[in-house]
Amino acid sequence: MDVMTAKDGVDALDQLEERIPDVMLLDIEMPRMDGYEFTRHIRRSPRLKDIPLIMITSCTGERHREYAEDLGVDRYLDKPFQEAELVDEISALLSESGS
């Protein structure tokens with residue numbers, strides 16, 4: 001896998017001007033732009049709206065999960081998570097999207 005990293009949601013949006021990834025991992029709790037706001041931005045953008053999103057977070061309540069899914073997050077993983085679980089979710093999303 002070719003991995004890009006961003007220090008926060010604002011940095012990620014800047015990087016998306018140059019390159020669109022096959023899948024993105026994000027957290028709810030990020031500096032300068034939380035994961036919910038980031039997801040709203042991605043899903044409203046005609047250019048970015050189809051990027052699969054995996055939210056990985058310590059916010060494990062059902063309310064957080066439902067809200068993230070309502071905004072358009074494709075998968076929601078609770079911390080701590082198993083690396084194999086993450087790889088399986090990435091592979092499934094890539095298969096679904098045809099990437």
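Helix H4 contributes the most to the lining of the largest pocket, giving 5 residues. The model is predicted: local features need pLDDT of at least 70, side-chain atom pairs count only at pLDDT 80 or more, and totals for chains, interfaces and linings use all residues. Residues are numbered from 1 along each chain as its sequence is written, and side-chain values use heavy atoms, with hydrogens and water left out.

**Exercise 1.** Determine which residues of H4 are buried and which are exposed on the other side.

*Solution.* 
1. Helices (H or I, at least four residues) and strands (E, at least two) are DSSP runs, numbered from the N terminus.
2. Buried means under 20% relative accessible area, exposed over 50%, and partly exposed in between (1.4 Å probe, protein chains only).
3. Leu-86, Glu-89, Ile-90 and Leu-93 of H4 are buried. They lie on the same side of H4 because they cover an arc of only 100 degrees around the axis, the arc being that of the directions from the helix axis to the C-beta atoms.
4. An α-helix has 3.6 residues a turn, so residues three or four places apart point the same way.
5. Ala-84, Asp-88 and Ser-95 are exposed on the other side of H4.
6. The cover over the buried residues of H4 includes strands S1 (24-26), S2 (53-57) and S3 (75-78).

**Exercise 2.** Describe the lining of the largest pocket by class and by element.

*Solution.* 
1. On a 1 Å grid over the protein atoms alone, a pocket is an open set of points with protein on both sides within 12 Å along at least five of seven lines; lining residues have an atom within 4 Å of a point.
2. The lining has 29 residues, and Val-3, Met-4, Val-23, Met-24 and Leu-25 lie nearest the centre of the pocket.
3. Two or more lining residues come from each of helix H1 (9-16), S1 and H4.
4. By class, 19 lining residues are nonpolar, 3 polar and 7 charged. Here Ala, Val, Leu, Ile, Met, Phe, Trp, Tyr, Cys and Pro count as nonpolar, Asp, Glu, Lys and Arg as charged, and the others, Gly among them, as polar.

**Exercise 3.** State where Ile-51 is found and which residues it contacts.

*Solution.* 
1. Ile-51 is in the loop between H2 and S2.
2. Ile-51 counts as buried because its relative accessibility is 4%.
3. Beyond its neighbours within four places in sequence, Ile-51 is in contact (heavy atoms within 4.5 Å) with Leu-16, Ile-20, Pro-21, Val-23, Met-24, Arg-43 and Asp-74.
4. Ile-20 is 31 residues from Ile-51 along the chain, and their C-alpha atoms are separated by 7.9 Å.

Technical notes: On a 1 Å grid over the protein atoms alone, a cavity is a set of points where a 1.4 Å probe fits but cannot get out, and a pocket is an open set with protein on both sides within 12 Å along at least five of seven lines; lining residues have an atom within 4 Å of a point.
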